[in-house]
Amino acid sequence: MKLPFFKNFDGFVFSCDHKILKPDPEIYNILFKKYNLIPDECFFIDDKKQNIEAGETLGMKGFVFNCKENRITDLIKKLCENNVLIKS
């Protein structure tokens, strides 16, 4: 499924494609390996706190985003606080 905002990201790993569910650390390790990433240089957005916490244990920064509880401005603020570049 391609959503319009996907164009703003460099890449993705979908757990369903690998048959591994978050918060299993292996799915995060697949992401790091696929894109040659350093965890503490990554920012992770998810709608479940336990998934963010799992990423944080591996060194990632993250934000729990839920459309019912957050505004997009909350997410943009968090991205800016973490020096995440936003493509336009």
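## Pocket lining

The lining of the largest pocket has 29 nonpolar, seven polar and eight charged residues. Nonpolar here covers Ala, Val, Leu, Ile, Met, Phe, Trp, Tyr, Cys and Pro; charged covers Asp, Glu, Lys and Arg; the others, Gly among them, are polar. The model is predicted: local features need pLDDT of at least 70, side-chain atom pairs count only at pLDDT 80 or more, and totals for chains, interfaces and linings use all residues. Residues are numbered from 1 along each chain as its sequence is written, and side-chain values use heavy atoms, without hydrogens and water.

The largest pocket holds about 1800 Å³ of space. Of its 44 lining residues, Phe9, Gly11, Phe12, Phe43 and Ile45 are the closest to the centre. Helix 1 (15–18), helix 2 (25–34), strand 1 (43–46) and helix 4 each give two or more residues to the lining. Helices (H or I, at least four residues) and strands (E, at least two) are DSSP runs, numbered from the N terminus.

## Backbone geometry

Lys22 and Pro23 are joined by a cis peptide bond, with omega about 15°. Pro23 sits in the loop between helix 1 and helix 2.

Two asparagines have positive phi. For Asn36, in the loop between helix 2 and strand 1, phi is near 55°. Asn83 is exposed, at 70% relative accessible area. Most residues other than glycine have a negative phi, and most peptide bonds are trans.

Key
On a 1 Å grid over the protein atoms alone, a cavity is a set of points where a 1.4 Å probe fits but cannot get out, and a pocket is an open set with protein on both sides within 12 Å along at least five of seven lines; lining residues have an atom within 4 Å of a point. Grid points are joined across faces, edges and corners, and a volume is the space filled by probe spheres set on the points. Buried means under 20% relative accessible area, exposed over 50%, partly exposed in between (1.4 Å probe, protein chains only).
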